[in-house]
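Please read the following report on one protein model.

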Amino acid sequence: MSLPALHNTGVVYRRILSQFPQDISLAFAYGSGVFKQHGTSQGQMERNMLDFVFMVDDPVTWHTMNLLQNRKHYSILKLLGPMKISSIQSEYGAAVYYNTLVPVDGKIIKYGVISTASLIDDLMHWKTLYVAGRLHKPVKMLVQGENGKLRAALGANLKSAVTASFLMLPESFTEEDLFLQIAGLSYAGDFRMILGEDKSKVANIVKNNTEHFRILYSNILRDCPQVVYKPHQGKLEVDKSPEGQFIQLMALPRTLQQRITKLVDPPGKNRDVEEILLQVAQDPDCGAVVQQGISSIVKSSSISQSIKGIATAGLWKTVSYSSKKLMKMWKGWRRRPPVSQMS
């Protein structure tokens, strides 16, 4: 199953894309400037920064062209040239190079550049869960080339999100429970959720976008043999037997299986992955172990990408961007009802 493209790209997005080198194999927009989130007015949404990811087959050529067209988008790292920028992109953090707080056609945007090989690797294996995690949630697909391997990887990433979420949910749950679990995968272990992000971010993403989540996941849920899906009631029942959980664990992305193995297997034992996952499948805390594995992937990639972001954005933009995030976190905290109203 491929990720459904949301075809209403609008003139705003087409005008912005026209400002960049055109050899982009995949482009999507995401975040609170693209999809309305709970607690955000239409006016606020229109003022929010637009976030983009561009997948390119040849990062050196793309950055060469972009430096000619949009040199001002880059920090002082532009002085190092396109080859060094491309190696910083691929060798550090989550293999994405971000330019942030960029004025384009009357909007403020942030855009990340990732190579085709790095994105497919993340989608298939959850090496960093950085861009793969963005694609667990609804995005506005702007460009999608005819790349069969990429299409298969996009579908595999969504299936992996469902499988991992099943392992962390109880036997019976609602569609909203599932979508909240899926939306939260790429924030598990992200240090920015402690400092710099609105704590209700995951719930805000899901509340106003349930139908978009259904578009992404309904076919996968209907075709999955491990779940009984009742779309009209919005309810699901998943196989929580050790056999069912073992099948799900064996279907998880490779990096997550490796992280789970590392958590469970004592040093020096070097047991077979299949043997360890069979043990985890029978553990009452199976879901917690999967959660820990995901958190360990996200934690390391979010820290390394954020450190890299200071260099790629430059100090002034980093301070400006971080202060905006802290302000959103403060506003989210103020919106929460008092404890007496929540109980």
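## Strand β2 and its partners

Strand β1 (residues 26-30) pairs with β2 in the antiparallel sense, over 5 bridges. Two strands count as paired if DSSP finds at least two bridges between them. Strands (E, at least two residues) and helices (H or I, at least four residues) are DSSP runs, numbered from the N terminus. In this pairing, F28 stands opposite V53 in β2. The model is a predicted one, in which local features need pLDDT of at least 70 and side-chain atom pairs count only at pLDDT 80 or more, while totals for chains, interfaces and linings use all residues. Residues are numbered from 1 along each chain as its sequence is written, and side-chain values use heavy atoms, with hydrogens and water left out.

Strand β2 also pairs with strand β4 (residues 107-115): 7 bridges join them, and the two run parallel. L50 stands opposite I109 in β4, and the bridge partner of F52 in β4 is Y111. Strands of a sheet pair through backbone hydrogen bonds, either parallel or antiparallel.

Is β2 enclosed or open to the outside? Of the 7 residues of β2 (residues 50-56), 7 are buried, so the strand is largely enclosed by the rest of the structure. Buried means under 20% relative accessible area, exposed means over 50%, and partly exposed lies in between (1.4 Å probe, protein chains only). L50, F52, F54 and V56 point one way from β2, D51, V53 and M55 point the other way, and all are buried.

## Strands β3 and β4

Strand β4 is mostly covered, with 7 of its 9 residues buried. Strand β3 is joined to β4 by 7 bridges, and these two strands run antiparallel. P103 stands opposite I108 in β4. The hairpin of β3 and β4 has 2 residues between the strands, and D105 takes a positive phi near 55° in this hairpin.

N99 is found in strand β3. N99 is buried, with a relative accessible area of 1%. Which residues does N99 contact, leaving aside its neighbours within four places in sequence? They are N66, H73, Y74, I109, K110, Y111 and T312. Contact here means heavy atoms within 4.5 Å.

## The sheet of β6, β8 and β7

A set of 3 strands forms an open sheet in the order β6-β8-β7, with antiparallel pairing. β6 (172-174) and β7 (227-230) stand at the edges, each with a single partner strand, so one side of each is left without a neighbour in the sheet. From one strand to the next, the twist averages 20°.

β6 and strand β8 (residues 235-238) run antiparallel and are joined by 3 bridges. Here F173 stands opposite L236 in β8.

## Helices α8 and α10

Two packed helices are described by the angle between their axes and the distance between the axes. The axes of helix α8 (residues 175-184) and helix α10 (residues 210-223) come within 11 Å and cross at roughly 95°. Axes are lines fitted to C-alpha atoms, for helices over the stretch in contact, and angles run from 0 to 180 degrees between N-to-C directions. α8 and α10 are therefore roughly perpendicular to each other. Angles of 65 to 115 degrees count as roughly perpendicular, under 35 as roughly parallel, over 145 as roughly antiparallel and the rest as oblique.

From α8, the contact is made by E175, L178, F179, I182 and A183, and from α10 by T210, F213, R214, Y217 and L221. The residues of this contact divide into 7 nonpolar, 1 polar and 2 charged. Ala, Val, Leu, Ile, Met, Phe, Trp, Tyr, Cys and Pro count as nonpolar, Asp, Glu, Lys and Arg as charged, and the others, Gly among them, as polar.

## Positive phi in two loops

Most residues other than glycine have a negative phi, and most peptide bonds are trans. A95 has a positive phi, near 65°. A95 lies in the loop between α4 (82-91) and β3 (96-104), and is buried at a relative accessible area of 12%.

W126 also has a positive phi, near 55°. W126 is found in the loop between α5 (116-125) and α6 (131-134). With 0% relative accessibility, W126 counts as buried.

## Confidence of the prediction

The pLDDT is the predictor's confidence in each residue, from 0 to 100. The protein averages a pLDDT of 87, and 84% of the residues score at least 70. Over residues 1-8 the pLDDT stays under 50, and the model has 24 contacts beyond four places in sequence for them. The pLDDT is also below 50 over residues 338-343, a stretch with 2 contacts in the model beyond near neighbours in sequence.
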